[in-house]
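Have a look at the model first.

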Amino acid sequence: MLYPQANAARAVQDLSGVWLFQLKEGTPWRNIAVPASYNDQFPEAEYRAYAGLSRYKTALTIPAFWQGQRLILRFDAVTHSARVLLNGREIGSHRGGFLPFEIELTDLVQPGETAALEVEVDNRINHSTLPIGTEGSTAFFGSDNPGITAVEAGKRRQREQGINLPAFDFFNYAGINRPVRLYTTPKAYIQDVTLIPSLNGEVKYRVDTEGEGRVHIDALDAEGATVASADGAEGVLRIPQPHLWEPRPGTPYLYTARVSFGQDQYLLPFGIREVKIEGTKFLINGKPFRFHGPCKHEDSPFHGRGMDQCLNVTDINLYHWLHANCFRTSHYPYAEEMYRLCDREGIVIVDETPAVGMWADEHYGWDLKDYHAQVLKDMIDRDKNHPCVVVWSLGNEPSTDTYPQKAYDYWWPLYQLAHQTDPQNRPVTLVGCQNIYEKDRIIPTMDIVFINRYYGWYNLSGDLETAKYAFRMELDWWADKNKPMVLSEYGADTIAGLHGAVAEMFTEEFQVEFYKAMSACLDERDFIAGEMPWNFADFSTCQGPMRVGGNRKGLFTRDRRPKMAAHYFRQRWASMDEKSQ
Ligand code: GCB
């Protein structure tokens, strides 16, 4: 799906602003900022804790001079599902809170008219949503005490009252989290553009269109000069002496594909780069690439998970400050603005579906597979042209060792689907939980192995010497798999400002010592293709006995102040940058 764009042929009306919001039937309509999660915009507890249907409304005015154009309403993400009404009539709906959907309005409103737009949002999570809700079975992180009569009765009561707990470790921020836009196209229009670049400068392309017309395509260099052209819906652009898109600390050179079709036009930035795996090496443009950068969340004060361009730019500048070159979109596809920024900034992305919370063994019996496949396809269709995206992640930390065959049967078709769907055929991974790795059948079959490990934190807590001993033992097991491996999560909760002459858990000193210990193990092994600390910044979670105002494993605080560990990685990754140049 193409990102909305204003150009010589298309107009965009951004509907961001202050809308009206009703938490639930009978509560007052109140002003609300869009886009942003609704949970933290009001001081009352019920807005933060609510689970159920809510409503947004605003007025939509179609400029009269848009006469004769197609009119498309695009929601970039409504979490977790949406029903859209125009003048009181349902005109569309969508399931899933992290990917865009569109509704064509051409025959529903007249240019010059004002219509009432209403969006009903459902933030509930359960066994058939991605991410997963617990349905009251087990709370995330303990506090569960199975078998105790009174606790069980309490849990039943919570279920009856509709308390809706996440099976994942981030706050269930909801609402219209990303921009809503109205845009036009001419009646005959460009529906999609697919680009497959190779290092010799040949860019295979395909343009999907609706209506009558002829396709012409130009490749423009970074100065806007035309460097290659072609005609027809499918073909090859031949760019002489191509500049490559290199991840930082290289140059993320971008070309633009200018596509025209009848009256329509679309400009798509793209990079020439190739991603490949050879043995234990992950190669970008034929050169070994070592992933180093913390995983992220879309999370900030006030906005919740709401798209915020200023925050994105600030975060990416902090990545540069850290000499970090990548992140994983843990644990859901991010707003498209972030990928567009990373294309420009040379930051590499591992793009992840919202399949998180699938740690209960029963989930292989739930009816999720087809929906999961759809979400994976939609994510790849949305993000397929971004040079910054170099790996697809099918999901995070499912159960894979209790029923290894069931896990294999669930994930392997998704792995194949990702390869079939991606025109650029990028490597695919599934992020593995700390588990009985010898029994796991699926994680070792991935193109690149991503494992999350918390030696020294959730297990062998505080004992870093033994943590190293155990982690080394596991690494010995992986060593002969002949695959590149990334330590895709590791970290220690750290309260900024808490210090100790003795480096004990939760102090800033411990966080640094923890990372030093893990670095020592990683640096000994050639097959290690990267390290991705958990997490870039502290982030909000639901309440739990292991969460002090959220997850505190950030290298930065939630308001982006560096902890000592940020300085540690800044030095470490600067020297890695130097070696790679
Ligand atoms: C994990 C999860 C991540 C959590 C993290 C933690 O393994 O993938 O979502 O936030 O551990 O801090 O416990």
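Which residues of α9 are buried? They are Ala565, Ala566, Tyr568, Phe569, Arg572, Trp573, Ala574, Met576 and Asp577, where buried means under 20% relative accessible area (1.4 Å probe, protein chains only). Bear in mind that this is a predicted model: local features need pLDDT of at least 70, side-chain atom pairs count only at pLDDT 80 or more, and totals for chains, interfaces and linings use all residues. Residues are numbered from 1 along each chain as its sequence is written, and side-chain values use heavy atoms, with hydrogens and water left out.

**Helix α9**
- Helices (H or I, at least four residues) and strands (E, at least two) are DSSP runs, numbered from the N terminus.
- α9 covers residues 564-580, 17 residues in total, and reaches 25 Å from first C-alpha to last.
- That is close to the 24 Å expected at 1.5 Å a residue, taking 1.5 Å times one less than the number of residues.
- Among the elements covering its buried residues are α3 (309-322) and α8 (508-523).

**Around β2**
- Strands β2 (residues 17-22) and β3 (residues 30-34) run antiparallel, joined by five bridges; two strands pair if DSSP finds at least two bridges between them.
- Glycine 17 sits opposite valine 34 in β3.
- β2 also pairs with β4 (residues 53-61), again antiparallel, over three bridges, and phenylalanine 21 has tyrosine 56 as its bridge partner there.

**The four-stranded sheet**
- This open, antiparallel sheet has the order β16-β15-β18-β19.
- Its edge strands, β16 (226-231) and β19 (264-270), each pair on one side only.
- β15 (residues 215-220) and β18 (residues 255-261) share six antiparallel bridges, with isoleucine 217 partnering valine 259 in β18.

Technical notes
Buried means under 20% relative accessible area, exposed over 50%, partly exposed in between (1.4 Å probe, protein chains only). Contact means heavy atoms within 4.5 Å.
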